[in-house]
Amino acid sequence: MGLRAQPTLLGLDVADLRDLLGPGTPAFRARQLYDALYKRNVADLEETTALPKELRDRLRSEMPHGRLTVDQRFNSADGTVRYLLKLPADGRSVETVLMPQEQRHTICISSQVGCPVDCRFCLTAQMGLERSLSAGEIVGQVLHVCREHGLDPRAAHCNIVMMGMGEPLLNLPNVLKATRILCDDNGVGFSQRRITVSTSGIVPKIAELGAADIRPKLAISLNASHEEQRRELMPITKKYHLADLMEACRAYPLRPWEFLMFEYVMMRGVNDADADARRVVSLLGNLKAKVNIIALNPGPGIPYETPDPERVDSFQKIVMRSMPCYIRRPRGLDIYAACGQLKKMQTPGLVSLKE
Ligand code: SAH
Ligand code: SF4
């Protein structure tokens, strides 16, 4: 039986690979192939001599591997590495960032090319949405970084955050499939505790995420302390109201070890007052929550400014009386790799949801 028309090997799970190889191939070959693709993370199946040459030749002619290649690489003075990785399916590229630290490494991956959500403070929003990524393209970003930097996903000090380009919950099936492969001990081998997905608050999808047996931890980009302010900063709030978002958070089935993470991008004179901090505390009061403050990273066309450090400190002190609250330091500012700065240089043919 010939190989079925699937876009790439990357993104296929064992059952898919078994289907692909067909009944004429022993079932253990699918496991071997899965092992080579994800656990051993080979750049080329030719390295997998455990697979018969005949099968490797057949795969090569009928199904591309799907490996991402480097379009551009930027190195920050602080050690952060920002990649524009080329997607083999159509040559578009996507942003992936590695933030090495002494104690742990964090890989920030994208879920879409561009983003259809129009947050006013985010450069990615200016791109509009080009398309969503396949599961293989999501996993491929992690595999690339691990291969390139010799990182072992099974080591305790490696985290993944789905906080690059795109709104992951608008690409949930692919995000979940990628997570299953990333978290499979026979696959890439990350722990579910080390993967976080961040959303702007696509309310109906939050319950869907919660229903998945294998899922990343959930972070919510709160960014405002009341409905009107959030509508201004994140117009998607007109569709998914803050009260409904909070309700979805209360109903979310946290695992015993899990906290809900709330991100709060702080903007000077907009949402940085002590009164905002007190409102955030009362909004999150009944939740098992942690708050991450991110001082706005400015960018061209963003009509907001970064807050005074004293404001950030004061805000943190107020929230900390009620729940853990951290300040996330920007990484890779000099190479435009920090939160909200991911926007490709030139992108013809954009589709914007605002149009
Ligand atoms: N779309 C998802 C995940 C990607 S954005 C989301 O919005 O959650 C990742 C984080 O970067 C979000 O918390 C977002 O609020 C934050 N962010 C966006 N623009 C920013 C900016 N200019 N400065 C600092 N953080 C920003
Ligand atoms: Fe999209 Fe997140 Fe940027 Fe909003 S903050 S535009 S949801 S990437």
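In this predicted model, residues 1–6 have a pLDDT under 50, and 19 contacts beyond four places in sequence are modelled for them. Across the protein chain, the mean pLDDT is 91. A pLDDT of 70 or more is reached by 93% of its residues.

The structure contains 23 salt bridges. One of them joins D90 and R131, with an N to O distance of 2.8 Å. D90 sits in the loop between β2 (81–86) and β3 (93–100), whereas R131 belongs to strand β6 (residues 129–132), so the pair ties together parts 41 residues apart in sequence. D90 is partly exposed, at 38% relative accessible area. R131 is buried, at 18%.

E263 and R328 form another salt bridge, at 3.1 Å from N to O. This pair links distant parts of the chain, 65 residues apart. E263 lies in strand β10 (residues 260–266) and R328 in strand β12 (residues 325–328). E263 is buried, with 4% relative accessibility, while R328 is partly exposed, with 21%.

D35 pairs with R40 in a salt bridge, and their closest N and O atoms are 3.3 Å apart. Here D35 is partly exposed at 24% relative accessibility, and R40 is partly exposed at 44%. Salt bridges also connect E46, K53, R56, D57 and R60 in a network.

Key
Residues are numbered from 1 along each chain as its sequence is written. Chains are lettered from A and ligands numbered from 1 in the order in which they are written. This is a predicted model: local features need pLDDT of at least 70, side-chain atom pairs count only at pLDDT 80 or more; totals for chains, interfaces and linings use all residues. Side-chain values use heavy atoms; hydrogens and water are left out. pLDDT is the predictor's confidence in each residue, from 0 to 100. Contact means heavy atoms within 4.5 Å. A salt bridge is a side-chain nitrogen of Lys or Arg within 4 Å of a carboxyl oxygen of Asp or Glu. Buried means under 20% relative accessible area, exposed over 50%, partly exposed in between (1.4 Å probe, protein chains only). Helices (H or I, at least four residues) and strands (E, at least two) are DSSP runs, numbered from the N terminus.
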